[in-house]
Amino acid sequence: MVQQQVLLSRLNEWLQPNMVRDFCPNGLQVEGCHEIKKILCGVTATQALIDRALETGADTLLVHHGYFWKSENPSIVGMKRRRLASLLVNNINLFAYHLPLDIHPEFGNNAGLARQLELVVEGQIDAGGTPGLLWYGRLPRPMTHTDLNEYVSHRLSRAPLVVSGGKEKVETVAWCTGGAQGFIDDAHALGVDAYISGEISEQTTHSAREQGITYIAAGHHASERYGVQLLGERVRKEFDVIVEYCELANPA
Ligand SMILES: [Zn+2]
(Lines give C-alpha, C1' and ligand atoms only; values in the text may rest on other atoms or scores of the structure.)
Protein backbone atom coordinates (compact mmCIF):
# COMPACT_ATOMS: atom_id res chain seq x y z
CA MET A 1 0.00 0.00 0.00
CA VAL A 2 1.14 3.54 -0.72
CA GLN A 3 -0.46 6.84 0.22
CA GLN A 4 -1.79 8.79 -2.76
CA GLN A 5 0.17 11.93 -1.79
CA VAL A 6 3.38 9.96 -1.26
CA LEU A 7 3.08 8.45 -4.74
CA LEU A 8 2.26 11.87 -6.22
CA SER A 9 5.29 13.53 -4.70
CA ARG A 10 7.60 10.71 -5.79
CA LEU A 11 6.25 10.78 -9.36
CA ASN A 12 6.68 14.56 -9.45
CA GLU A 13 10.20 14.24 -8.09
CA TRP A 14 11.10 11.83 -10.90
CA LEU A 15 9.26 13.54 -13.73
CA GLN A 16 9.66 17.22 -12.78
CA PRO A 17 6.41 18.38 -14.43
CA ASN A 18 7.12 22.02 -13.56
CA MET A 19 10.08 22.04 -15.95
CA VAL A 20 7.90 21.84 -19.08
CA ARG A 21 5.01 23.83 -20.52
CA ASP A 22 2.40 21.26 -21.45
CA PHE A 23 -1.06 21.10 -23.06
CA CYS A 24 -2.63 19.42 -20.05
CA PRO A 25 -2.16 19.22 -16.28
CA ASN A 26 0.45 16.65 -15.20
CA GLY A 27 0.19 14.70 -11.97
CA LEU A 28 -2.99 13.75 -10.09
CA GLN A 29 -5.74 14.73 -12.56
CA VAL A 30 -8.64 13.09 -10.73
CA GLU A 31 -8.52 12.38 -7.02
CA GLY A 32 -9.74 9.01 -5.73
CA CYS A 33 -8.91 6.89 -2.69
CA HIS A 34 -6.02 7.86 -0.41
CA GLU A 35 -4.57 4.39 0.16
CA ILE A 36 -3.37 2.87 -3.10
CA LYS A 37 -3.07 -0.91 -3.39
CA LYS A 38 -3.22 -1.63 -7.11
CA ILE A 39 -2.22 0.53 -10.06
CA LEU A 40 -3.23 -0.13 -13.66
CA CYS A 41 -0.99 1.52 -16.28
CA GLY A 42 -2.12 2.29 -19.81
CA VAL A 43 -1.37 4.63 -22.70
CA THR A 44 -4.70 6.50 -22.54
CA ALA A 45 -7.36 6.88 -19.84
CA THR A 46 -10.17 5.53 -22.01
CA GLN A 47 -13.43 4.08 -20.71
CA ALA A 48 -12.07 0.63 -21.56
CA LEU A 49 -9.07 1.20 -19.28
CA ILE A 50 -11.33 2.39 -16.45
CA ASP A 51 -13.56 -0.66 -16.95
CA ARG A 52 -10.48 -2.90 -16.80
CA ALA A 53 -9.47 -1.24 -13.53
CA LEU A 54 -12.91 -1.98 -12.09
CA GLU A 55 -12.79 -5.60 -13.29
CA THR A 56 -9.32 -6.21 -11.86
CA GLY A 57 -9.73 -4.32 -8.58
CA ALA A 58 -7.25 -1.54 -9.41
CA ASP A 59 -7.84 1.67 -7.44
CA THR A 60 -5.50 3.86 -9.49
CA LEU A 61 -4.73 4.57 -13.15
CA LEU A 62 -1.33 5.77 -14.37
CA VAL A 63 -1.34 6.95 -17.98
CA HIS A 64 0.43 9.03 -20.62
CA HIS A 65 -2.73 10.54 -22.14
CA GLY A 66 -5.06 11.81 -19.45
CA TYR A 67 -7.76 14.49 -19.69
CA PHE A 68 -8.28 18.28 -19.73
CA TRP A 69 -6.39 19.14 -22.93
CA LYS A 70 -5.98 22.83 -23.68
CA SER A 71 -7.86 22.70 -26.98
CA GLU A 72 -10.87 20.69 -25.81
CA ASN A 73 -14.33 21.86 -24.84
CA PRO A 74 -14.20 22.02 -21.00
CA SER A 75 -17.86 21.03 -20.58
CA ILE A 76 -18.29 17.74 -18.75
CA VAL A 77 -20.74 16.05 -21.06
CA GLY A 78 -21.04 12.80 -23.05
CA MET A 79 -17.92 10.63 -23.19
CA LYS A 80 -16.02 12.86 -20.78
CA ARG A 81 -18.86 12.80 -18.24
CA ARG A 82 -19.06 9.01 -18.39
CA ARG A 83 -15.32 8.61 -17.87
CA LEU A 84 -15.18 11.08 -14.98
CA ALA A 85 -18.32 9.62 -13.39
CA SER A 86 -16.80 6.12 -13.50
CA LEU A 87 -13.64 7.38 -11.80
CA LEU A 88 -15.40 9.49 -9.17
CA VAL A 89 -18.16 7.02 -8.27
CA ASN A 90 -15.56 4.28 -7.84
CA ASN A 91 -12.98 6.42 -6.03
CA ILE A 92 -10.27 5.73 -8.64
CA ASN A 93 -7.20 8.00 -8.85
CA LEU A 94 -6.03 9.16 -12.26
CA PHE A 95 -2.37 10.09 -12.56
CA ALA A 96 -1.30 11.37 -16.00
CA TYR A 97 2.08 12.53 -17.29
CA HIS A 98 2.32 13.79 -20.85
CA LEU A 99 5.46 15.65 -22.04
CA PRO A 100 7.37 14.89 -18.81
CA LEU A 101 6.95 11.21 -19.66
CA ASP A 102 8.08 11.69 -23.27
CA ILE A 103 11.38 13.30 -22.35
CA HIS A 104 12.46 11.41 -19.23
CA PRO A 105 15.93 9.93 -19.91
CA GLU A 106 15.29 6.70 -18.02
CA PHE A 107 11.62 5.80 -18.24
CA GLY A 108 10.25 8.18 -20.86
CA ASN A 109 8.60 7.20 -24.14
CA ASN A 110 11.63 8.19 -26.22
CA ALA A 111 13.86 6.15 -23.92
CA GLY A 112 11.43 3.23 -24.13
CA LEU A 113 11.27 3.37 -27.92
CA ALA A 114 15.07 3.47 -28.06
CA ARG A 115 15.23 0.30 -25.93
CA GLN A 116 12.58 -1.44 -27.98
CA LEU A 117 14.30 -0.65 -31.29
CA GLU A 118 17.83 -0.96 -29.84
CA LEU A 119 18.64 2.56 -30.96
CA VAL A 120 22.01 3.90 -29.85
CA VAL A 121 21.27 7.17 -28.03
CA GLU A 122 23.68 10.01 -28.83
CA GLY A 123 21.76 13.03 -27.57
CA GLN A 124 18.53 14.95 -27.02
CA ILE A 125 17.69 18.45 -28.28
CA ASP A 126 14.86 20.86 -27.54
CA ALA A 127 11.90 20.81 -29.91
CA GLY A 128 8.70 22.86 -29.98
CA GLY A 129 9.82 24.68 -26.84
CA THR A 130 10.19 21.48 -24.82
CA PRO A 131 13.66 20.70 -23.48
CA GLY A 132 15.17 17.40 -24.68
CA LEU A 133 12.10 16.30 -26.64
CA LEU A 134 13.85 15.21 -29.85
CA TRP A 135 16.34 12.35 -29.51
CA TYR A 136 18.99 11.26 -31.97
CA GLY A 137 21.49 8.46 -32.50
CA ARG A 138 21.75 5.39 -34.72
CA LEU A 139 20.01 2.19 -35.68
CA PRO A 140 21.77 -0.97 -34.49
CA ARG A 141 22.99 -1.44 -38.10
CA PRO A 142 22.53 0.26 -41.49
CA MET A 143 19.22 -0.80 -43.04
CA THR A 144 17.45 -0.61 -46.39
CA HIS A 145 13.87 0.63 -46.33
CA THR A 146 12.57 -2.91 -46.59
CA ASP A 147 14.76 -4.02 -43.64
CA LEU A 148 13.66 -1.03 -41.60
CA ASN A 149 10.01 -1.67 -42.32
CA GLU A 150 10.30 -5.31 -41.23
CA TYR A 151 12.43 -4.47 -38.21
CA VAL A 152 10.06 -1.83 -36.83
CA SER A 153 7.06 -4.04 -37.62
CA HIS A 154 8.56 -6.91 -35.68
CA ARG A 155 9.81 -4.87 -32.71
CA LEU A 156 6.61 -2.85 -32.23
CA SER A 157 4.12 -5.51 -33.39
CA ARG A 158 2.66 -3.06 -35.87
CA ALA A 159 3.46 -2.30 -39.52
CA PRO A 160 4.88 1.22 -39.86
CA LEU A 161 4.38 3.54 -42.80
CA VAL A 162 7.76 4.32 -44.34
CA VAL A 163 8.35 7.23 -46.73
CA SER A 164 11.73 6.96 -48.38
CA GLY A 165 14.01 9.97 -48.43
CA GLY A 166 15.89 8.41 -51.34
CA LYS A 167 19.01 6.96 -49.68
CA GLU A 168 19.61 3.29 -50.30
CA LYS A 169 20.47 2.59 -46.64
CA VAL A 170 19.81 4.54 -43.46
CA GLU A 171 21.69 4.43 -40.18
CA THR A 172 21.56 7.73 -38.29
CA VAL A 173 18.12 8.52 -36.85
CA ALA A 174 16.19 11.02 -34.78
CA TRP A 175 12.98 10.08 -32.98
CA CYS A 176 10.13 11.51 -30.95
CA THR A 177 7.15 9.33 -30.05
CA GLY A 178 3.47 10.10 -30.64
CA GLY A 179 2.15 12.92 -32.80
CA ALA A 180 5.55 14.54 -33.41
CA GLN A 181 5.68 14.33 -37.21
CA GLY A 182 5.96 18.15 -37.22
CA PHE A 183 9.56 17.86 -35.97
CA ILE A 184 10.73 16.27 -39.22
CA ASP A 185 12.43 19.54 -40.22
CA ASP A 186 14.25 19.69 -36.85
CA ALA A 187 15.36 16.10 -37.49
CA HIS A 188 16.54 17.06 -40.96
CA ALA A 189 18.52 19.95 -39.45
CA LEU A 190 20.37 17.38 -37.33
CA GLY A 191 21.58 15.79 -40.56
CA VAL A 192 20.21 12.30 -39.82
CA ASP A 193 19.18 9.76 -42.47
CA ALA A 194 15.79 9.01 -40.95
CA TYR A 195 13.19 10.29 -38.52
CA ILE A 196 10.84 8.07 -36.50
CA SER A 197 7.63 9.31 -34.91
CA GLY A 198 4.12 7.99 -34.41
CA GLU A 199 1.75 9.67 -36.84
CA ILE A 200 2.01 11.13 -40.34
CA SER A 201 0.43 14.21 -41.94
CA GLU A 202 0.02 14.95 -45.62
CA GLN A 203 2.95 17.37 -45.62
CA THR A 204 5.28 14.99 -43.77
CA THR A 205 5.66 13.02 -47.03
CA HIS A 206 6.77 16.15 -48.91
CA SER A 207 9.22 17.16 -46.16
CA ALA A 208 10.72 13.66 -46.32
CA ARG A 209 10.99 13.41 -50.10
CA GLU A 210 12.13 16.96 -50.79
CA GLN A 211 14.74 17.03 -48.00
CA GLY A 212 15.99 13.49 -48.48
CA ILE A 213 15.13 12.22 -44.99
CA THR A 214 13.34 8.90 -44.59
CA TYR A 215 10.21 9.10 -42.42
CA ILE A 216 8.84 6.23 -40.36
CA ALA A 217 5.33 6.60 -38.90
CA ALA A 218 5.52 3.84 -36.30
CA GLY A 219 2.09 4.50 -34.74
CA HIS A 220 1.13 6.96 -32.00
CA HIS A 221 -0.02 4.23 -29.66
CA ALA A 222 2.68 1.71 -30.66
CA SER A 223 5.47 4.24 -30.10
CA GLU A 224 4.07 5.43 -26.76
CA ARG A 225 3.29 2.22 -24.92
CA TYR A 226 6.75 1.82 -23.35
CA GLY A 227 7.21 4.88 -21.12
CA VAL A 228 4.29 4.18 -18.82
CA GLN A 229 5.43 0.55 -18.50
CA LEU A 230 8.94 1.60 -17.46
CA LEU A 231 7.47 4.12 -15.03
CA GLY A 232 5.13 1.45 -13.65
CA GLU A 233 8.08 -0.91 -13.07
CA ARG A 234 9.89 1.85 -11.22
CA VAL A 235 6.84 2.44 -8.98
CA ARG A 236 6.60 -1.30 -8.26
CA LYS A 237 10.27 -1.40 -7.19
CA GLU A 238 9.83 1.61 -4.94
CA PHE A 239 6.55 0.80 -3.17
CA ASP A 240 4.66 -2.18 -1.81
CA VAL A 241 1.94 -1.98 -4.42
CA ILE A 242 0.65 -4.11 -7.33
CA VAL A 243 1.33 -2.56 -10.73
CA GLU A 244 -0.01 -3.96 -14.00
CA TYR A 245 0.03 -2.71 -17.57
CA CYS A 246 -3.03 -3.01 -19.78
CA GLU A 247 -2.49 -3.03 -23.55
CA LEU A 248 -5.59 -1.81 -25.39
CA ALA A 249 -4.73 -2.00 -29.06
CA ASN A 250 -5.12 1.11 -31.17
CA PRO A 251 -4.32 1.09 -34.91
CA ALA A 252 -3.48 4.83 -34.92
ZN1 LIG B 1 0.94 10.99 -27.26
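A salt bridge here is a side-chain nitrogen of Lys or Arg within 4 Å of a carboxyl oxygen of Asp or Glu. By this rule the count comes to ten salt bridges. This is a predicted model, in which local features need pLDDT of at least 70, side-chain atom pairs count only at pLDDT 80 or more, and totals for chains, interfaces and linings use all residues. Residues are numbered from 1 along each chain as its sequence is written, and side-chain values use heavy atoms, with hydrogens and water left out.

**View 1. Two domains make up the chain.** Domain 1 covers 2-98 + 225-245. Domain 2 covers 103-222. These bounds come from an automatic or database domain assignment. Taken over C-alpha atoms, the two centres lie 28 Å apart.

**View 2. Domain 1 meets domain 2.** Contact (heavy atoms within 4.5 Å) involves 14 residues of domain 1 and 17 residues of domain 2. The buried area between them is about 1300 Å². Buried area is the accessible area (1.4 Å probe) that two parts lose on being put together, summed over both. Carbon and sulfur atoms give 58% of the area buried here. On the side of domain 1, Arg225, Tyr226 and Leu230 lose the most area, together 46% of what that side buries.

**View 3. Polar pairs and elements at the domain boundary.** Between the domains there are zero salt bridges. Six residue pairs are in polar contact, both residues being at pLDDT 80 or more. A polar contact is a pair of N or O atoms within 3.5 Å; within protein, one must be able to donate a hydrogen and the other to accept it, and residues adjacent in sequence count only if both atoms are side-chain atoms. On the side of domain 1 that touches domain 2, α1 (4-15), β5 (60-65) and α10 (227-238) each give two or more residues. Helices (H or I, at least four residues) and strands (E, at least two) are DSSP runs, numbered from the N terminus. The largest share, five residues, comes from α10.

**View 4. Three residues hold the zinc ion.** The protein donors are His65 (NE2), His220 (NE2) and Glu224 (OE), at 2.0 to 2.2 Å. Donors are N, O and S atoms within 2.8 Å of the metal (3.2 Å for Na, K and Ca); water is not among the atoms, so sites may look incomplete. Their spacing in sequence is H-x154-H-x3-E. Histidine 65 sits in strand β5 and histidine 220 in helix α9 (residues 220-223), 155 residues apart.

**View 5. Arginine 10 pairs with glutamate 238.** The closest N and O atoms of this salt bridge are 2.0 Å apart. Arginine 10 is in helix α1, and glutamate 238 is in helix α10, 228 residues away.

**View 6. Asparagine 26 in its loop.** The loop runs between α1 and β2 (27-30). A polar contact of 3.0 Å joins the side chains of asparagine 26 and aspartate 22. The asparagine 26 side chain also reaches the backbone nitrogen of histidine 98 at 2.7 Å.
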